[in-house]
Amino acid sequence: TPSVDEVINNTPIAYDTSDLAMVSAMIECEAANQPYEGKLAVGSVIVNRVNSPKIWQHNPIRTLRPFPVQPVASGRFAIVLARGANAECTRAANEVLNGHITIAALYFHVYDSTVDKGGTIIGDHVFY
């Protein structure tokens, strides 16, 4: 299985307006209060997961839907998707979908200095 670095190639992926809306909404759910760099990093993780054979083996439908579970389970994702994500999150989604991948990571979570000993910290998140 290739490493995440091997699937990061900054090549745009095919997407439609529905995919853009979903990625924008997920970025808002996960990083609305983060700096723009953090929004790009969250979007990059989503695209990296789409491009990763390691992730796709668990998601046989090859669409832009390998999202973090918590915002979907809580219903927040559906709310943001229904009203539309804010402009900055939509701009970040558009950038990453067009190949501007800013971090070679497949996962992220809120940074906790007492347990997180690796990864890249951007805003309140650690990416790995």
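Modeller: Axes are lines fitted to C-alpha atoms, for helices over the stretch in contact, and angles run from 0 to 180 degrees between N-to-C directions. Helices themselves are DSSP runs (H or I, at least four residues), numbered from the N terminus. Also, this is a predicted model, where local features need pLDDT of at least 70, side-chain atom pairs count only at pLDDT 80 or more, and totals for chains, interfaces and linings use all residues. Residues are numbered from 1 along each chain as its sequence is written, and side-chain values use heavy atoms, with hydrogens and water left out.

Colleague: How are helix 2 and helix 3 oriented to each other?

Modeller: Their axes are 9 Å apart, and the angle is about 125°. Helix 2 and helix 3 are therefore oblique.

Colleague: Which residues of helix 3 make the contact with helix 2?

Modeller: Contact here means heavy atoms within 4.5 Å. Helix 2 brings Val23, Met26, Ile27, Glu30 and Ala31 to it. On the helix 3 side you'll find Gly38, Lys39, Val42, Gly43 and Ile46.

Colleague: At roughly what angle do helix 2 and helix 7 cross?

Modeller: Their axes come within 8 Å. The contact uses Leu20, Val23, Ser24, Ile27 and Glu28 from helix 2, and residues including Cys89, Ala93 and Leu97 from helix 7. The crossing angle is roughly 120°.

Colleague: Which residues touch the most other members of the largest nonpolar core?

Modeller: A nonpolar core is a set of buried Ala, Val, Leu, Ile, Met, Phe, Trp, Tyr and Cys residues joined through side-chain atoms within 4.5 Å. Buried means under 20% relative accessible area, exposed over 50%, and partly exposed in between (1.4 Å probe, protein chains only). The largest core has 30 residues, and the ones touching the most other members are Ile27, Val42 and Phe127.

Colleague: Which helices each supply at least two residues of that core?

Modeller: One is helix 2, at 17-31, and another is helix 3, at 36-51. The others named are helix 6 (76-83) and helix 7 (87-97).

Colleague: What does Val42 contact, leaving aside its neighbours within four places in sequence?

Modeller: Two of the partners, Ile27 and Phe127, are on the list of residues touching the most other core members. With those neighbours left aside, Val42 is in contact with Ile27, Glu30, Ala31, Phe108, His125 and Phe127.

Colleague: How many salt bridges does a search of the whole structure find?

Modeller: A salt bridge is a side-chain nitrogen of Lys or Arg within 4 Å of a carboxyl oxygen of Asp or Glu. The search finds three.

Colleague: How far apart in sequence are the parts tied together by Arg83 and Glu28?

Modeller: Their side chains meet in a salt bridge at 2.4 Å, N to O. Arg83 is exposed at 52%, while Glu28 is buried at 5%. Arg83 sits in helix 6 and Glu28 in helix 2, so the tied parts are separated by 55 residues.

Colleague: And Lys39, buried or exposed?

Modeller: Lys39 forms a salt bridge with Glu88 at 3.2 Å, N to O. Glu88 is partly exposed at 34%. Lys39 has 1% relative accessibility, so the word for Lys39 is buried.

Technical notes. Angles under 35 degrees count as roughly parallel, over 145 as roughly antiparallel, 65 to 115 as roughly perpendicular and the rest as oblique.
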